[in-house]
Amino acid sequence: MFKAVLFDLDNTLIDRNQAFDRCLHDEFCDPATRAALRALDAGGHGERLPLLEAWRRCGGRDLTVAQLGLEIALKIQPVPELAATLQNVAQRFAIGLVSNGGSRTQRAKLQRAGLDLVFSPDRIWISEEVGFSKPDARLYALICHRLGTSAGDCLFVGDHELHDFAGPRLAGMRARQAESVLDSESVTRILREEGFG
Ligand SMILES: [Mg+2]
């Protein structure tokens, strides 16, 4: 049976919130300012324009959405052993990456995390490139079509309740919500628990 494992990127395979925090620390000394901006960021899911306005108002630079995205990407640090573990998984199953966001930013994050060569180019789905975002049902359907597998043979792993858990399940996939950024051990454990071991 042909099986596939699909991973979210931000806060699943990379610690995106830690990278955002590093940006805050580089630009703002005041803990209350950092906390307010962190709240507006909402783990990357908050509206970008109010965040950027507040960023500037608090004395930070005048950044565009793309510039902030790249700043965050540059602060990403690889999770030790993760790339090797995913390469190992890829020997047995199709693995894919499904991420909402801009092409340049998400690809820069993948590169910084050392994961850009782990996923084959035709198995990376970034919303700006695809034209659909999670949790749009058309995205999950398109992925199954491209993989040539049924939804029931796909396992989706990610941190977002709607994008990576409820959405994929509605599309007929199996899904696991990651409780924290994945490491080598948690990837292995999740796959084993889901019968992909
Ligand atoms: Mg995420």
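Asp41 and Arg16 form a salt bridge, with their closest N and O atoms 2.6 Å apart; the term stands for a side-chain nitrogen of Lys or Arg within 4 Å of a carboxyl oxygen of Asp or Glu. Asp41 sits in helix α2 (residues 31-41) and Arg16 in helix α1, so this pair ties together parts that are 25 residues apart in sequence. Welcome to a predicted model, in which local features need pLDDT of at least 70, side-chain atom pairs count only at pLDDT 80 or more, and totals for chains, interfaces and linings use all residues. Residues are numbered from 1 along each chain as its sequence is written, and side-chain values use heavy atoms, with hydrogens and water left out.

**Domains and their interface**

- The protein splits into domain 1 (4-15 + 78-193) and domain 2 (16-74), with bounds that come from an automatic or database domain assignment.
- Between the C-alpha centres of domain 1 and domain 2 there are 25 Å.
- In contact (heavy atoms within 4.5 Å) are 11 residues of domain 1 and 12 residues of domain 2.
- The two domains bury about 920 Å² between them, 54% of it on carbon and sulfur atoms; this is the accessible area (1.4 Å probe) that two parts lose on being put together, summed over both.
- Helix α6 (residues 103-112) gives the most to the side of domain 1 that touches domain 2, with 5 residues; helices here are DSSP runs (H or I, at least four residues), as are strands (E, at least two), numbered from the N terminus.

**Magnesium site**

- Asp8 (OD), Asp10 (O) and Asp159 (OD) coordinate the magnesium ion at 2.1 to 2.2 Å; donors are N, O and S atoms within 2.8 Å of the metal (3.2 Å for Na, K and Ca), and water is not among the atoms, so sites may look incomplete.
- Asp10 lies in the loop between β1 (4-7) and α1 (16-27) and Asp159 in the loop between β4 (154-158) and α9 (161-170), so the pair ties together parts that are 149 residues apart in sequence.

**Salt bridges and backbone details**

- The count of salt bridges comes to 16 by this rule.
- A cis peptide bond runs from Lys134 to Pro135, with omega near 5°, and Pro135 is found in the loop between α7 (127-130) and α8 (137-147).
- Ala42 is not a glycine, yet has a positive phi of about 50°; its place is the loop between α2 and α3 (48-57).
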